[in-house]
Each structure stands twice: as C-alpha cells, then as structure tokens.
Amino acid sequence: MPDFAFLRRLGGNTVDRLWRLGVASRFFVAILLNSGTALRRYPLTFREIWFSGVLSLVIILVSGLFVGLVLGMQGYEILTRYGSDTALGVMVALSLLRELGPVIAGLLFASRAGSAIAAEIGLMKATEQLKAMDMMAVDPVARVVAPRFWGGVISMPFLAALFSCMGIFGGWLIGVVMIGVDEGVFWSQMQAAVDFRHDVLNGVIKSVVFGVAVSLIAVFEGYDSEPTAEGVSRAITRAVVTSALAILALDFVLTSFMFRESP
Amino acid sequence: MSDDFLIRIENLQFAYDARPVLQGIDMRIPRGGIVAIMGGSGCGKTTLLRCIGGQLKPAGGSIRVHGVTVNNLDQAGIYALRRHMGMLFQFGALFTDLSVFDNVAFPLREHTDLPESLIRDLVLMKLEAVGLRGARDRMPAELSGGMARRVALARAVALDPALIMYDEPFTGLDPISLGIIGQLIRRLNSALGATSIMVTHDIQESLLIVDYIYFIAAGKVVAEGTPDDIRRSDDPFVRQFVRAEADGPAPFHVPSENFAVDLFGADARGMQYA
Amino acid sequence: MKRTTLDLWVGLFVTAGIAALLFLSLKVGGFSSAHMKETYSLSARFDNIGGLKVRGPVKSAGVVVGRVTDIRFDPETYEALVEMRIDARYRFPGDTFASIYTSGLLGDQYIGLEPGGDGKKLVTGDVIVKTQSAVVLEKLVSQFLFDRAAKGQDSK
C-alpha cells in the first residue's frame, strides 16, 4: 500500500491553518469586546502608540526618503523617454499614495513594531506574567493585548502618511533640486492629477486596514505562542512572515476594489 | 457562612485530554492554616492549585471556596473570587516592564480607586514586610531570584487576600533565601489572618512551617497529617519521601515493558531467567 | 494629571502624522480644487467618447470648470451619455457646444465647452445638444491612407 504521508501532512497542515484562522478570528472579537479598558484608561494605549509608532519613526522616515529618491531617479529616466518629465511629480505622488506608502510602511511596521509586540506578549506568556495577571483577576486581553492592538492600529496610518510625505520630498529633491524639473509644474501637475477621495483617502484606508491586520497578527502570534524561548522566537518569525503575506494579499484585494475602472 | 474550613474539595477529577491527572481528591483546608500539598514532580499538585484558582475546569467533583463552588462559576464569578486570592508563581512572574514599586502597586491600581498617596503608603508597607523597601525603584531584571520571589510575595498579598496560594515557592533558591521565604510565609499568614496552600516538594522546609500536609501520588491523596504525624509515620511512601530514598512505593521507573524485551526483542522473553 | 516625556513624544508623533495627512490632502491631493462646494449637473450625448474617463476634467477656455461624473451607453440611440458636474459659479448659455479633445498627442481626453450666444442659461439636468465626438486616431490615419491611395490611382 502506498504511503500517503506527504498528502496526510499537507491535509493536516491545512486543517491546522484553518483552525488557527478560526481561533484568530475569535481572538479578534475578544479584543474588540474587551477594548473598554484600553480606551477608558487611554494612557495604556498611549504607551503603545509610543512603542509601535514613535519607535518606528526613524526607520519609516529614512526608508521613505530613500524610496522617494529612487522613484525620482527611475521615474525621470522613464518619463524623459516619452518627453513627459513634467509628470514626474504625478508619478511619484501616485505611486506613493496608492501603493508604496501603505505597503512599504506596513511591511516596515510589521518587522519593527509587529515583531516587538509579538516578542513582548510571547515573553510575558513564557514567564507566566499573563497567568499571574489572570490570577489577580485582571484580564490579560483587556490589559495587555487590547492596548497594544489599538496602539498599532492608530500608529499605522500616521506612519504611512509620513512615509509618503518623505517619499514625495525625496522625489522633489531629485526632480526639482538636482535634475531641474520646473518646481511649479512639478506641484501643479501633481495637484491636478491626484484626487483627494480616489487617491489620498483610499491610501489612508489601505494603511488603516494594514494596521489592523499587522497588529492583530502580532498580538495573536504572541498570545498564542508556546511558552518557551523557542516558541517565542518562532512566534516572532511567524508574526513578521504572516503580516507580510497578509499585507500583500490585502493590498491586491483592496486595490481591485478601489481603483477599478468604471464600466 | 461560618465554616471552619475555607476550602472543601470532594472527589475532584481532572484529565488533560485522555490522560487522567487527578482521580478523586478529597481535601479540607481549615481557616487560618498553612497546608502543604506534596508529591513527586508531575503528580498533579500544580494542577490541583490551578483548579482551586479556577484556571482549570475539573472533569468531576467539586471545589468549594468560601462556600462558593468554583467549578460552576462563570468568568465574572471567578474574577470576583480571585480578588480574595493571592498567588505566588514558581519564579515570581513579576511584570518585567514595571519597577518593583509598580509591580506591587499593580493589583491596587487595577482593583481600587485609591489616591496615589495611599497606594504609595500601602506598597511601602508591603515592601517593608518583605524587607525590600529599599529596592522599590529597581527593575525585576536587577533582582536576585530570592528577592524577586519576595517582591512577588508582596504583590500577592497587596490586596490582603483571604487565601494565598504558593506554587513551588522554594524552587531554585539558596538555603538562606529559602529560610527567609519560609519564615515570610508563616509570618504573613498570621499577620493577615489568611489561609495558605503551598504546593512543594521541599519536605524539610515545609515540616517547619506548615500545619498540615497532604501527600499526592498518581492523582490521589495517599497520606495526610500534621508534621509530627508525618515524621513518625510508618507509611512507606511518606518514609521514602521524607528520607529522600530513590526507590520505594513511588517507582523510580516509568511503567514500561520488560527491559530485556526492550533490549533484545521478543525472543528474549524466554531467556529472562536463563 | 502627571506629565511624562512619553506623552510629549506621542503628542509630537500624532501632530506630525496629522500634519502629513493634511499635507497629502491639501498640497498633494489638491483637496480644495477637486471638491467644488456647489455644483450643478449637465449631460451630453456623443457618438463616440474615445478614451474619456469618469473624473476626467471639463474645461472651458482651458480652465477646469467641472468633472465627468458618469458615462453610460444608451441602448436605444446607441450613443454615449456623459454626466458632468459643473462649478455653480460658472453658467453657460443654452447653445453651448461640447467637444471631446485630447491634451497633447497621446494625453488624457477631456470635454471642452464652447459657449454660444443664447441668453438662456443651462440649469441642472439640462442636456447639451450640440456635441462633437472624440477624434479617433485610427480613423484619421486610415482616412488619410485611403485618400492617398485614391489620389495615387487618379494620377495614373
């Protein structure tokens, strides 16, 4: 009889994934139901905005600037072939607002803040701090998880917006300051082509969705980790990898909804 | 309810999946006493403690604390009950992102609306009781194991609980710290008028401070008595435990197939006594 | 309330984030111009709209005066029905001429309004009757080629 070990493992993995997805969804609802403490005692959430937002600032700003510089150079190189280098501002702004801003900021956020959140909660679990809290009649979901979740959700759109601003600044540095595209044309073309609702607002919506996804994955992986050193390190890896996949998949779904051409 | 016993446990059963851990435990713990639950590693002592605290739901039997049946309570009821419980975890489980002061203040801040000045007085009182008032600004990472255990003890009694539970309070401590913790447990119990349950396998230290001892093996109570009873006991299991002998009623070997069969295969069955 | 340096950082962070969002909305997105406060809607029928898109600009004398809001196909007349919203500050006469132009050789297409001399002004819901369709490049090229071919045969 042939050994279907591979198939069996595949099936087992799939069931396991689905199971975890179900648990994660239930966890999401539990966070939402237990968010009262995080909002009522807002200093708790403030500390997490500091932890996931302020501490991610440097990497977000620096990366945004570099992405903008590269976009400026590549964009100029391509656009001059068609004699439309005046559209440089448009290109830089649209690619940042619609895609690169939310997506790259989300990926950086996942690797900087998401991993830190998963590590923090995982370690608290491994050292029985969560159990101790539970024994003190303090719900760890309300006291530990929910503030971290909301801190991440609030930080993410701001980080994406700052990333886009730095990127546009980088494109401006290359295009206007170094190459010499006319400054007035750079800005006016950008303003004429970028629509508030269609481009800016949709980008913000994307970043909010990514913020929810990354924060949820991070707190869930931390909370669900095995309470050992190895389990925590695996949870951190999983948090970053799953977040990255979730961002890219969600980006595809959101983009196909948002920027669909009218029939 | 004026009951002489704070905790009554009847025919308690618990299983992890299919593996039975507790198989019919009966226990009564008097108010104001210190009771030790002893047994080898993995005999279900910690599970028993978790059941009393409502962290695990038993499969059968009943646990009554303060006249309330724990296994019938919902989450809110368990939380209400836990406000009268303090628990000291094996390695302290201090919150690593909070200072010693904030760790002890944590239950007070979570459960009371006391002004900060009063919280400060209460925290300093508890820290003074464990002799660590001078370490209030340190972080848990800057404490020795024994000091961390004492801070955790101060935190466990911050709300003046009626019941204090200790999960392996002596594990991994040097003899001096061990003695200090033992004396603290005794002193705090009488000072607070509390009742204490201690899960441990440190027989010598326990005999000095507890009022009553239960021995658990294979999920059942196998022996019980006051420290004097225990010292004088003829029970082979208790003797093995008190004298720390390697083999006895508590088997050295995990139940397994015949060693010869394991080594040489099924053919070896016949040559066993050859 | 006790103040901490952490609060200051969070305050700075949130302020910077809001400033970035404002910058993106106002300076980059041109929020003010894209959202005209008061508008009225007009429609026009075209035989062929070429590559005109929803949200495309409506211009008069080269100035943006409105946006295309909807493009539909009319199955009875086989024409394209284009809805647009015009800034309420600008009123156009009843015999205004609407054409579809292309900005540059290959650029985006837009609707150009050329006012006539009628005293009556267009109001919400009115239909512009005088229209000119988009110039389709392929048609133009093939026409040109046929002309050349015909001329070539004539001269023989």
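Student: Which are the buried residues of helix 5 of chain B?

Tutor: In this predicted model, the buried residues of helix 5 of chain B are Gly146(B), Met147(B), Ala148(B), Arg149(B), Arg150(B), Val151(B), Ala152(B), Leu153(B), Ala154(B), Arg155(B) and Ala156(B), where buried means under 20% relative accessible area, exposed means over 50% and partly exposed lies in between, with a 1.4 Å probe and protein chains only. Because 11 of the 12 residues are buried, helix 5 of chain B is largely enclosed by the rest of the structure.

Student: What do those buried residues pack against?

Tutor: They pack against helix 6 (129-135) of chain A, and also against strand 6 (85-88), helix 3 (100-111), helix 4 (116-129), strand 7 (163-167) and helix 6 (175-192) of chain B, with contact taken as heavy atoms within 4.5 Å. Helices (H or I, at least four residues) and strands (E, at least two) are DSSP runs, numbered from the N terminus.

Student: And how many Å does helix 5 of chain B reach from its first C-alpha to its last?

Tutor: Helix 5 of chain B, residues 145-156, reaches 16 Å, close to the 16 Å expected at 1.5 Å a residue; the expected span is 1.5 Å times one less than the number of residues.

Student: Before we go on, what are the ground rules for numbering and for the model?

Tutor: Residues are numbered from 1 along each chain as its sequence is written, while chains are lettered from A and ligands numbered from 1 in the order in which they are written. Since the model is predicted, local features need pLDDT of at least 70 and side-chain atom pairs count only at pLDDT 80 or more, whereas totals for chains, interfaces and linings use all residues, and side-chain values use heavy atoms, with hydrogens and water left out.

Student: Switching to strands, which way do strand 3 and strand 9 of chain B run, parallel or antiparallel?

Tutor: Strand 3 (residues 34-38) and strand 9 (residues 212-217) of chain B run parallel and are joined by 4 bridges, two strands being paired if DSSP finds at least two bridges between them. Within strand 9 of chain B, Tyr212(B) is the bridge partner of Val35(B).

Student: What about strand 10 of chain B?

Tutor: Strand 10 (residues 220-225) of chain B pairs with strand 9 of chain B in the antiparallel sense, over 5 bridges, and Gly225(B) in strand 10 of chain B stands opposite Ile213(B). The hairpin of these two strands has 2 residues between the strands, and Ala218(B) takes a positive phi near 50° there.

Student: In what order do the strands of the chain C sheet come?

Tutor: The 8 strands form an open sheet in the order 7-1-4-3-2-6-5-8, with mixed pairing. Strand 7 (127-128) and strand 8 (130-132) of chain C stand at the edges with a single partner strand each, so one side of each is left without a neighbour in the sheet. Strand 1 (residues 39-46) and strand 4 (residues 79-87) of chain C pair in the antiparallel sense over 8 bridges, and Arg45(C) has Leu81(C) as its bridge partner in strand 4 of chain C.

Student: Are Glu168(B) and Lys45(B) buried or exposed?

Tutor: Both Glu168(B) and Lys45(B) are buried. In another salt bridge, Arg109(B) and Glu116(B) meet at 2.5 Å, N to O; here Arg109(B) is partly exposed at 30% relative accessible area, and Glu116(B) is partly exposed at 45%.

Student: Which residues in chain A are linked in a salt-bridge network?

Tutor: Arg20(A), Glu221(A), Asp224(A) and Arg238(A) are linked in a network of salt bridges.

Student: Last topic: how many aromatic pairs are there?

Tutor: The structure holds 14 aromatic pairs over all chains, where rings of Phe, Tyr and Trp (its six-membered ring) pair if their centres lie within 6.5 Å, and planes under 30 degrees apart count as stacked, over 60 as edge-to-face and the rest as tilted. Among them, Phe14(B) and Tyr16(B) are edge-to-face, at 5.0 Å centre to centre and 85° between the planes.

How values were computed. A salt bridge is a side-chain nitrogen of Lys or Arg within 4 Å of a carboxyl oxygen of Asp or Glu.
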